[in-house]
Structure formats: structure tokens, C-alpha cells
Protein chains: 2
Amino acid sequence: MRTEIRFAGFGGQGIITSAVIFGKAAALYDNKYVVQTQVYGPEARGGAATGAVIIDEVEILYPKVVDPDIYVIMSQDGFDKYGTKTKPDAIMVLDSGLVHDRPNCTYYEVPASRVAKEDLGRVIVANIIMLGALVAATGVIGREALKEGILTSVPKGTEELNMKAMIQGFELIQKI
Amino acid sequence: MRTEIRFAGFGGQGIITSAVIFGKAAALYDNKYVVQTQVYGPEARGGAATGAVIIDEVEILYPKVVDPDIYVIMSQDGFDKYGTKTKPDAIMVLDSGLVHDRPNCTYYEVPASRVAKEDLGRVIVANIIMLGALVAATGVIGREALKEGILTSVPKGTEELNMKAMIQGFELIQKI
């Protein structure tokens, strides 16, 4: 089944990195066909960042995101741009400290940036917390696949920090 | 004018990273509309890696690569898969130590992996040498834009190494 996932936030949060890691995890470690896209326009210079991943069991013939099934939103601007017209059965994982509105679909509030900063000491891994939360909330790929995708992508020496962030993401969903 | 760029190599060379950095450089620092795509299929598990970037002055309506104008090829497998049907006026930058065949279009031989290993002591920056060579050979984006794209993407502490790699890429083309 085709699943479309939209990532949005602001520049510097690692939005595109998280989309790339997620696409890699799904393709290489969860046996899926994947198209992973960034569309940049002049508006990107305003600080918005977005990426998308399409996952399927069969080859993907249409590579554009039509109507996402899943959203990972890390800024109010990202919500305003992508999160206001969700289909009712979509699922959104949002950074509850940075996104003030709430969607009309099912959503999970994850204080990723706060936890990254206060509990892990590095706000930069908020995107990895969000990936953990995404997988825990939706099961769209396996946890082991996500782990492999992260471990084979992050800079050497940061593996432990990123694993802690991923597990925080799992746990923040389990607490809900 | 629409310009399509295909990146291909094997897993671990940072092919997708280089496509992401290049797309970011073009969009954020060279004022272009950009679509940056990875398509992963089961074949990706065989070790092939590919990414694509489409650049235009106007919004990009068709996000699929049709017939690349520019190729950055870092493995013989990548050449076999993407490099054998180039249009005559395409330009290919190839890692001359890893790609044994030569295309029917204009091409530049860049010993990126050898120089990365022997001169810079880190084979991992071969992809950044290739980006420098790509920009020097084609002028498709500005050198300053590439520099900004790299500096805002690479892990903290590796900026100097990556700048050396980019400059090596510029110089390897100037020597040809």
C-alpha cells in the first residue's frame, strides 16, 4: 500500500536529513520501494524546510506527494503550509513546543526539541526523536529498520546520542 | 533553463549526501528552484546508490528526471546503469579510478577517491571533490553557492577538510 509522508519544519532542524534517513531505513532495511524528495523554491530562503517520502510494496510510478497519510511537523510555519488540509484518517506527529495549532486528523504531541535540549543536551537530535515517535506512532516501518537507517547515516561518534534520541521518541509515544 | 543532474555510485560513498548538498546549494545560495530526489528500490540493497537534482529558474512542474544534462558517476555499476545512454551534449564527471568505461558525451576524468585518500587522508570526502569538479566543469551553480551548501551541511569540525576537498575538485578540473 502506498504511504505518503510529509516532513516540515525550519532550516537547521535537520528536516531533510530526517527524510533522507527515513527513506534509507525504509528502502534498505525494511524492504520497501521508496521515493524521497525535496522541493526547494525561493520560499525555502525564508527558512522553511520540507521533505517527503513515499513508500510502497511495489514500484512507485507517480513520485509526487498527492495527499499525505502521515505528517511530521516541527514548526508552526510548516503546519500552516502543510498541516491545515489533512485528510481525516491522516496521522500527524508534531513538536508540541513549536507547533501551536492542532490538525483535524489524529495527532501525537511530542516535545522533541525540549527533550533533545533538556534531557539529551543537544537540540540538533530533535529530528531523530521525531523519527522514533513517527515509527512508534504509525508502525510504517520497523524499529530495527529505523535503527539501521540512523546508525548508517549519522556522523561517527554520534551514534550513542542518536540512539538515545530515537528511544526517547519511542518512549514519548508509549507514554501518551 | 531546466538542468537535470544524475548522481550515481555505490553505498557508503555519500552519493545521496552529495545530491542533497548540491540541491541545497542551488536552492538556498544560487536562487534556483530545485527538486532533489532519491529513488530506492530493492536493487539499492545490491549496493547501488543514486540521487538526482533538477534545477530551473522557474517552478519545476515535472519532478522526474527525463534525460540528464549532467552526470556525476562514482562507480562502474553506476555507469552501467545510468551512463551508457547519455545524450551527445551531456557532460559527465566521473571518478577515473572507479569507472572504467567512458561515455559518448563530453566527460571529465577526476581521480576523486584516490586524491581523497592519498592527499586528504579521508576517502569519505571523494563525494565533495566530485561536487567541486562538477561546479568547475559545468558552472551550473556558483562556487560560492556550493561552498555555502557544503559548510551548512557537513558535521561540525569537518569544515576545513571539506573545503580542501571542494578546492581539490576545482583544481582537478582546471588542470585538465
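Colleague: Which strand is the place of Tyr71(B)?

Modeller: Tyr71(B) sits in strand E4 of chain B, residues 70-73. Helices (H or I, at least four residues) and strands (E, at least two) are DSSP runs, numbered from the N terminus. This is a predicted model, in which local features need pLDDT of at least 70 and side-chain atom pairs count only at pLDDT 80 or more, while totals for chains, interfaces and linings use all residues. Residues are numbered from 1 along each chain as its sequence is written, and chains are lettered from A and ligands numbered from 1 in the order in which they are written.

Colleague: Is Tyr71(B) buried or exposed?

Modeller: Tyr71(B) is buried, because 24 other C-beta atoms lie within 10 Å. A residue is buried if 20 or more other C-beta atoms lie within 10 Å of its own, exposed if 12 or fewer, and partly exposed in between, with C-beta atoms placed from the backbone.

Colleague: And which residues is Tyr71(B) in contact with?

Modeller: Apart from neighbours within four places in sequence, Tyr71(B) is in contact with Arg6(B), Tyr82(B), Gly83(B), Thr86(B), Ala90(B) and Met92(B). Two residues are in contact if their C-beta atoms, placed from the backbone, lie within 7 Å. As for Glu59(B), twelve residues from Tyr71(B) along the chain, the two C-alpha atoms are separated by 22 Å.

Colleague: What about the largest nonpolar core: how many residues has it?

Modeller: The largest nonpolar core has 125 residues, and those with the most contacts inside it are Ile129(A), Met130(A), Ile129(B) and Met130(B). A nonpolar core is a set of buried Ala, Val, Leu, Ile, Met, Phe, Trp, Tyr and Cys residues joined through C-beta atoms within 7 Å.

Colleague: Which residues does Ile129(B) touch?

Modeller: Not counting residues up to four places away in sequence, Ile129(B) touches Val110(B), Ala112(B), Val115(B), Ala116(B), Ala165(B), Gln168(B) and Gly169(B).

Colleague: Switching to helices: at what angle do H5 and H6 of chain A pack?

Modeller: Helix H5(A), residues 143-151, and helix H6(A), residues 159-175, pack at an angle of about 150°, and their axes are 10 Å apart. That makes H5(A) roughly antiparallel to H6(A). Axes are lines fitted to C-alpha atoms, for helices over the stretch in contact, and angles run from 0 to 180 degrees between N-to-C directions. Angles under 35 degrees count as roughly parallel, over 145 as roughly antiparallel, 65 to 115 as roughly perpendicular and the rest as oblique.

Colleague: Which residues in H5(A) and H6(A) meet?

Modeller: From H5(A), Arg143(A), Leu146(A), Lys147(A), Ile150(A) and Leu151(A) meet Glu159(A), Asn162(A), Met166(A) and Phe170(A) of H6(A). The residues of this contact divide into five nonpolar, one polar and three charged. Ala, Val, Leu, Ile, Met, Phe, Trp, Tyr, Cys and Pro count as nonpolar, Asp, Glu, Lys and Arg as charged, and the others, Gly among them, as polar.

Colleague: And in chain B, how far apart are the axes of H1(B) and H5(B)?

Modeller: The axes of H1(B) and H5(B) are 8 Å apart, and the two helices pack at an angle of about 120°. H1(B) and H5(B) are therefore oblique to each other. The residues making the contact include Phe22(B) and Tyr29(B) of H1(B) and Leu146(B) and Ile150(B) of H5(B). By class, the residues of the contact of H1(B) with H5(B) are eight nonpolar, one polar and three charged.

Colleague: How many residues does the contact take from chain A and from chain B?

Modeller: The contact takes 20 residues from chain A and 20 residues from chain B. On the side of chain A that touches chain B, helix H1 (15-29) and strand E2 (33-40) each supply at least two residues. E2(A) gives the most to that side, with eight residues. The residues of that side of chain A divide into twelve nonpolar, five polar and three charged.

Colleague: What is the phi of Asn31(A)?

Modeller: Asn31(A) has a positive phi of about 65°, although it is not a glycine. Asn31(A) lies in the loop between H1 and E2 of chain A, and it counts as partly exposed because it has 13 C-beta neighbours inside 10 Å. Asn31(B) has a positive phi of about 65° and is not a glycine.

Colleague: Last one: which residues does Ile173(B) touch?

Modeller: Ile173(B) touches Tyr108(B), Ala133(B), Ala136(B) and Ala137(B), not counting residues up to four places away in sequence. Ile173(B) has its place in helix H6 of chain B, residues 159-175, and is partly exposed, with 19 other C-beta atoms within 10 Å.
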